Amino acid sequence: PVFSSLTTAYKSTVGSNVTSVSVNPTASDSMANISVKLNAGNFTAVSSGSNSSALTLNSGNNTISVRVTAQDGVNTQIYNLVVNRLPQHTPTLTRFP
C-alpha cells in the first residue's frame, strides 16, 4: 500500500508462497528513531530509508508495527500493517476405479 503519515493502519494479502517480508520505513524528520516489530515480538531499530530484516510470516494475519519516536524520546507514532498470508492449498487426490 502507498504510505501516508495520516494513515496509521494498513492491510495487505499475500500468497502462501510468500514466507517473509521486509519494510523500508523512512522518517520525515532525520532526528526521529524508527523501530519495527512483528506480532508479539520486540521492537528492533531500523535506520530510516533502510530495509528491516526479513520478517517471517505465519499463515493468517501478521501485524507489523513501525514505531517512530521523535528526537525528544517521548512523542511516538505507531503505524500497523496487517499482512494476511493465505493458507497453503493442499491438493486432494481422488482415486478412480
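When I say pocket today, I mean an open set of grid points with protein on both sides within 12 Å along at least five of seven lines. Hi everyone, and please keep in mind that this is a predicted model.

With that in hand, let's start with the largest pocket, which holds about 550 Å³ of space. Its lining counts 25 residues, and Phe3, Pro25, Thr26, Val66 and Tyr79 are the ones nearest the centre. By class, 15 of the lining residues are nonpolar, nine are polar and one is charged.

Which strand gives the most to this lining? That is S7, with five residues. Strand S6 (60–69) also supplies at least two, as does S7.

So let's look at S7 and its neighbours. S7 pairs with S6 in the antiparallel sense, over ten bridges; one example has Arg67 with Ile78 in S7 as its bridge partner. The two strands make a hairpin with six residues between them, and in the turn Gly73 has a positive phi of about 75°. S7 also runs parallel to S1, joined by six bridges. There, Ser12 has Val83 of S7 as its bridge partner.

The structure has two aromatic pairs. One of them is Phe3 with Tyr79, arranged edge-to-face, with 5.1 Å between centres and 70° between the planes.

Is Tyr79 buried or exposed? Its relative accessibility is 13%, and the cut-off for buried is under 20%, so Tyr79 counts as buried.

Let me return to Arg67 for a moment, the bridge partner of Ile78. Arg67 also lies over the face of Phe43, 4.0 Å from the ring centre.

One last stop, at Asn39. You will find Asn39 in the loop between strand S3 (33–38) and strand S4 (44–46). Its phi is near 50°, a positive value in a residue other than glycine. At 27% relative accessibility, Asn39 counts as partly exposed.

Definitions and conventions. Residues are numbered from 1 along each chain as its sequence is written. This is a predicted model: local features need pLDDT of at least 70, side-chain atom pairs count only at pLDDT 80 or more; totals for chains, interfaces and linings use all residues. Side-chain values use heavy atoms; hydrogens and water are left out. Rings of Phe, Tyr and Trp (its six-membered ring) pair if their centres lie within 6.5 Å; planes under 30 degrees apart count as stacked, over 60 as edge-to-face and the rest as tilted. Buried means under 20% relative accessible area, exposed over 50%, partly exposed in between (1.4 Å probe, protein chains only). A charge sits over a ring if NZ of Lys or CZ of Arg is within 6 Å of the ring centre and within 35 degrees of the ring normal. Helices (H or I, at least four residues) and strands (E, at least two) are DSSP runs, numbered from the N terminus. On a 1 Å grid over the protein atoms alone, a cavity is a set of points where a 1.4 Å probe fits but cannot get out, and a pocket is an open set with protein on both sides within 12 Å along at least five of seven lines; lining residues have an atom within 4 Å of a point. Grid points are joined across faces, edges and corners, and a volume is the space filled by probe spheres set on the points. Ala, Val, Leu, Ile, Met, Phe, Trp, Tyr, Cys and Pro count as nonpolar, Asp, Glu, Lys and Arg as charged, and the others, Gly among them, as polar. Two strands pair if DSSP finds at least two bridges between them.
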